[in-house]
Amino acid sequence: MSSSRPAVVTVTMLAVVGLLTSCGGSGAGARAKSDGEPVYGGTLTYLEHQPPTCLYLPAAGFYPNGGVLNQLTDKLTWQNPETLKVEPWIATKWEINKDATEYTFHLRDGVTFSDGTPVDAAAVAANFDVYGLGDDKLKLPPAEFVNNYERSEVIDARTVRFHFGKPSPGFLQGTSVIGAGLVSKKTIGLPYEEQCQLKNVVGSGPFTVAKQVVDKEIDLRAREDYDWAPPSSKHQGRAYLDLVKIIVTPEDNVRVGALTSGQADYVRYVQAYDEATVKNAGFVVKAEPTRGVNNGLYLRPANGILKDVKVRRALQAGTNAKEIVDTLFTASYPVATSVLSHLAAGYVDLSARLGYDPDGADKLLDEAGWKRGADGVREKDGVKLELGVFVAGPQPLSKQTLELVAQQWTKLGVKLEIRPADAGTMAVDIKDAEKTAVAHAMVGRADQDVIKSHFHTKNRDVILSNDEKLDRLLEEESALADESERNAKVGEIQRYVIDQAYAIPLFEEPQVYGVAPYVQGVAFEAVARPSFYAVWLNK
């Protein structure tokens, strides 16, 4: 695999070096004990590929947001990334009724938000009333991880109960996700635009915001009185680090160069072509699974061309996912074998239905009445077989992936028009199936409901669905209290999505980090967002 990274020092590189130099050197202040025991102190310099966007918790699933919010907020529960079991955190225990329509949580005593107000039942209820129902007056949308929510009930200062109109079996795991971070009553009562702003996020987490240079840098300082980590955490008390400097560094070669030259300690979004460079320099590559809906192309049936299932099936059969992975990626990116990752709850192996078959694709397009024109692009009734797609900024090597797909589709007589992620019309056009027939996307969550989040018309609705049956299947899945029945329904949905050719799964997308060997205690939540709480510097 070749790379064409520039060998010149860019203006951006100089700007980042300036930021790094002003930090006083990464790891400043930390001293390791001779026995390798964790030590307190020091500054971690963490380079992020993109700046955070809106930080309203239910809308904050974007990975750069998670790197910030995981440090500022706690959750009711903790999903163990090794076992995927949901464990106590701010809630010490809970009860769930038989049909999963009533959840009662018992809260730890003595937990406070960074403004000094208590994390009590009233505050937790206020959070989940917004997450479950949204707030039209404040323009707050509900959270996609909450289904069938009716209301909260404060039993006493340390006990809160949630009621649901129908079974909501995914709610317990939902209380552990990034969007379920707990914020103060003052924060949760703000309008959407104000909750989006970092300065207004008041959580109970192990760090607080010390400084922000918008779109460039965020400094997080350890909270001295923090003492309520999940009970299963080996580390308790305040964070080991004094400070975390998050510096936005879009250029891949700048992030990797800063890491391997010792100017940064930890970076997110190591591209596949840089993995060997990082490893060969003696640094650690962490490729963490996201356990959800795979990176893929999602075909929109409301589009005038893609409304024909034969055309969708032709594109599915004519896309060679293995060639994409072999050409652009590494073993960190397994070829997809279904809509869901093989680590996802309810996964079924559909690789037999996803084989590359260009001859079969040609035949399907012929049967659908699309004939090759003089320029090689198929036509029907005076319309060319041309489809639009936007580069997906959060997805690794999206532009290169789409360019390779376009080459494969050209052989079928299909033209794929690739538009840049920063196109001025993107915000509007990406919601128009005629203008944007294909979406390049994925979503991570370690729960069966992830498939509903991706496809349901009231959630992310990646295919701009007009399929009532798909919505019904997704709603049935989200309301099944029995785990085995729920997994079976997830399997049925995967088969339906592939049979209808709404999805062309490409690969299981990880989050890939580069870490200096002296950075200890590196940890992630269940879908690969970092936690800096137990990180320490062994210098």
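**Inside the fold: salt bridges, a disulfide and the cores**

Lys245 is buried, and Asp219 is buried too. In this predicted model, their side chains meet in a salt bridge, with N and O 2.7 Å apart. Lys245 lies in strand β10 (residues 243-248) and Asp219 in strand β9 (residues 217-222), so the pair ties together parts 26 residues apart in sequence.

The structure holds 30 salt bridges. Another of them joins Asp109 to Arg158, with the closest N and O atoms 3.4 Å apart. This pair also links distant parts of the chain. Asp109 sits in the loop between β5 (102-107) and α3, while Arg158 sits in the loop between β6 (149-156) and β7 (159-164), 49 residues apart. Asp109 is exposed, at 66% relative accessible area. Arg158 is partly exposed, at 23%.

Glu379 and Lys384 pair as well, at 2.9 Å from N to O. Glu379 is partly exposed, with a relative accessible area of 31%. Lys384 is partly exposed too, at 29%. Elsewhere, salt bridges form a network of Arg445, Asp447, Asp449, Glu477 and Arg486.

Next comes the covalent link. The structure holds one disulfide. Cys54 is joined to Cys196, S to S 1.9 Å. The pair spans 142 residues: Cys54 is in the loop between β1 (43-48) and α2 (63-72), Cys196 in the loop between α6 (192-195) and β8 (207-213). The torsion about their S-S bond is about -80 degrees, so the disulfide is left-handed. Both Cys54 and Cys196 are buried.

The largest nonpolar core has 122 residues. Phe105, Phe128, Tyr131, Phe162, Leu387 and Trp409 touch the most other members. Helix α3 (residues 121-133) gives the most to this core, with seven residues. Trp409 has contacts beyond its sequence neighbours, among them Leu297, Leu315, Leu387, Val438 and Ile504. A second, separate core has 26 residues, including Ala344, Tyr496, Val497 and Ala503. In soluble globular proteins, nonpolar side chains tend to be buried together.

Ala321, Ile324, Val325 and Leu328 are buried in α10. Down the axis of α10, its buried residues fall within an arc of 95 degrees, so they line one face of the helix. An α-helix has 3.6 residues a turn, so residues three or four places apart point the same way. The cover over the buried residues of α10 includes α12 (398-410) and β20 (503-507). Asn320 caps the N-terminal end of α10, with a side-chain oxygen 3.3 Å from the backbone nitrogen of Lys322.

Definitions and conventions:
Residues numbered from 1 in each chain as written. Predicted model: local features only at pLDDT ≥ 70, side-chain atom pairs only at ≥ 80, totals over all residues. Heavy atoms only, no water. Disulfide = S-S within 2.5 Å. Helix = DSSP H or I, 4+ residues; strand = E, 2+ residues; numbered from the N terminus. Buried < 20%, exposed > 50% of the residue type's maximum accessible area, 1.4 Å probe, protein only. Arc of directions from axis to C-beta. Contact = heavy atoms within 4.5 Å. Polar contact = N/O pair within 3.5 Å; in protein donor to acceptor, adjacent residues only side chain to side chain. Core = buried A, V, L, I, M, F, W, Y, C linked by side-chain atoms within 4.5 Å. Salt bridge = Lys/Arg side-chain N within 4 Å of Asp/Glu carboxyl O.
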